[in-house]
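Please look through the model shown below with its sequence.

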Amino acid sequence: MSVKKKPLVVVTRKLPDSIETRMRELFDARLNLDDTPLTQDQLIEAVRTADILVPTVTDQINEEVIKQADSKLKLIANFGNGVDNIDVTAAHARGITVTNTPKVLTEDTADMTMALILAVPRRLIEGASVLTDGKNWAGWSPTWMLGHRLGGKRLGIVGMGRIGQAVARRAHAFGLQIHYHNRRPVAPHIAEELGATYWESLDQMLARMDIISVNCPHTPATFHLLSARRLKLIRKDAYIVNTARGEVIDEETLTKLIESGEIAGAGLDVFEHEPAVSPKLVRLAKAGKVTLLPHMGSATIEGRVEMGEKVIINIRTFLDNHKPPDRVLPSML
């Protein structure tokens with residue numbers, strides 16, 4: 001009796017041990033044990049040999065890469081919530097199914113967003129550096145290291161999907177007034193629960209907020225959604241927090257406005273040209289004007305394992321000739 005050949009699954013980055021072990025059990029899994037990001041040539045080699053590709057947000061699976069794919073590549077099972085790293089339209093045209101890992105990162109990303117909403121106005125990183133960077137701390141003083149109270153401030157959420165709503169629930173508990181801009185209003189019971197005010201005009205909302213949180217995905221429609229023109233609408237005493245994608249904000253203009261005092265500061269977990277971080281932003285961080293994190297929003301052990309489990313479910317469902325639960329179509333973007 002012949003044994004059915006396992007499909008070749010190429011995994012582009014190091015995943016949690018439990019996920020890699022399960023993949024080895026189920027598939028002919030080619031792993032990246034040293035976690036070195038693949039070059040474009042290596043990605044092209046992967047799509048030429050794999051039955052299934054498991055990339056991450058650091059892998060640019062663009063049209064040029066997809067054109068090189070062998071006909072046996074039928075599934076790209078992205079290890080990530082977003083699919084802005086994949087040309088879904090080009091894949092669809094080649095008959096390649098694309099899946100992602102939604103819903104498992106909501107709470108983790110919302111936690112980190114709330115952490116930045118707290119850290120920036122209250123100057124947490126700047127204060128901690130006094131004790132860790134060899135600076136002279138003379139002790140408590142009534143007027144030293146003063147930040148701003150959160151309670152009563154207006155939070156404007158750009159993108160009121162799952163993560164935006166999770167951020168709103170946390171912020172509401174801290175006494176922030178919830179405002180949001182979205183393609184459409186949320187359900188009335190959610191708006192009532194959060195006391196949320198809907199703004200059809202993003203411009204009008206930005207001009208009135210104390211803190212702005214970016215929680216929308218990066219798509220062609222949201223590239224530089226916070227453009228130079230829109231950033232200039234923001235008040236001088238307002239802060240911006242971004243845990244979504246760096247490309248949503250015109251980072252160069254944001255940096256200039258913070259440098260000149262036209263925006264009070266920012267908390268950024270993502271950057272427009274990752275993994276490169278602007279030296280100007282680093283200088284602003286050292287000066288206490290911004291808080292920078294290295295894309296840690298979803299970085300929990302539990303979240304990464306759940307992402308891997310979703311990848312495996314999508315692969316197994318696809319191999320069983322059923323529609324994967326997390327299939328992404330061009331019309332959805």
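Which residue in β2 is the bridge partner of Val-10? In this predicted model, the partner of Val-10 is Arg-30 of β2. The pairing of β1 with β2 is parallel and extends over three bridges. Both strands belong to an open sheet of five strands, ordered β2-β1-β3-β4-β5 and paired in parallel. At its edges are β2 and β5 (97–99), each of which pairs on one side only. On average, and with direction ignored, neighbouring strands of this sheet are turned by 20° against each other.

Helix α2, residues 40–49, has Leu-43, Ile-44, Ala-46, Val-47 and Thr-49 as its buried residues. These buried residues pack against β1 (8–11), β2 (28–30) and β3 (52–54), and also against α3 (63–67). Helix α13, residues 301–319, lies across β1, β3, β4 (75–77) and β5. The direction of α13 is at about 160° to that of β4.

Strand β6 (residues 154–158) is joined to β7 by five bridges, and the two run parallel. Between them the chain passes through helix α7 (residues 162–173), giving a right-handed β-α-β crossover. Within the pairing of these strands, Gly-156 is opposite His-179 of β7.

The pairing of β7 with β8 (residues 197–198) is parallel, over two bridges. With helix α8 (residues 188–194), β7 and β8 make a right-handed β-α-β unit.

Gly-156 likewise has a bridge partner in β9, Ile-212. Four bridges hold the parallel pairing of β6 and β9. In a regular strand, side chains alternate between the two faces of the sheet. Strand β9 (residues 211–214) has both faces covered: Ile-211 and Ser-213 are buried on one side, Ile-212 and Val-214 on the other. Ile-211 stands opposite Tyr-239 of β10. Strand β10 (residues 239–242) pairs with β9 in the parallel sense, over four bridges.

What remains is helix against helix. Two packed helices are described by the angle between their axes and the distance between the axes. For α5 (residues 106–122) and α7, the angle is about 50° and the axes are 9 Å apart. α5 is therefore oblique to α7. The crossing of α5 over α7 is right-handed. On the α5 side the contact includes Thr-106, Ala-110, Thr-113, Met-114 and Ile-117. On the α7 side, Ile-163, Ala-166, Val-167 and Arg-170 are among the residues that take part.

The contact brings Glu-251, Thr-255, Ile-258 and Glu-259 of α11 to Lys-280, Leu-281 and Leu-284 of α12.

Note on methods
Residues are numbered from 1 along each chain as its sequence is written. This is a predicted model: local features need pLDDT of at least 70, side-chain atom pairs count only at pLDDT 80 or more; totals for chains, interfaces and linings use all residues. Side-chain values use heavy atoms; hydrogens and water are left out. Two strands pair if DSSP finds at least two bridges between them. A crossover is right-handed if, with the strands pointing away from the viewer, the path from the first strand over the helix to the second runs clockwise. Axes are lines fitted to C-alpha atoms, for helices over the stretch in contact, and angles run from 0 to 180 degrees between N-to-C directions. Angles under 35 degrees count as roughly parallel, over 145 as roughly antiparallel, 65 to 115 as roughly perpendicular and the rest as oblique. A crossing is left-handed if the near helix is turned anticlockwise from the far one by less than a right angle, and right-handed if clockwise. Contact means heavy atoms within 4.5 Å. Buried means under 20% relative accessible area, exposed over 50%, partly exposed in between (1.4 Å probe, protein chains only).
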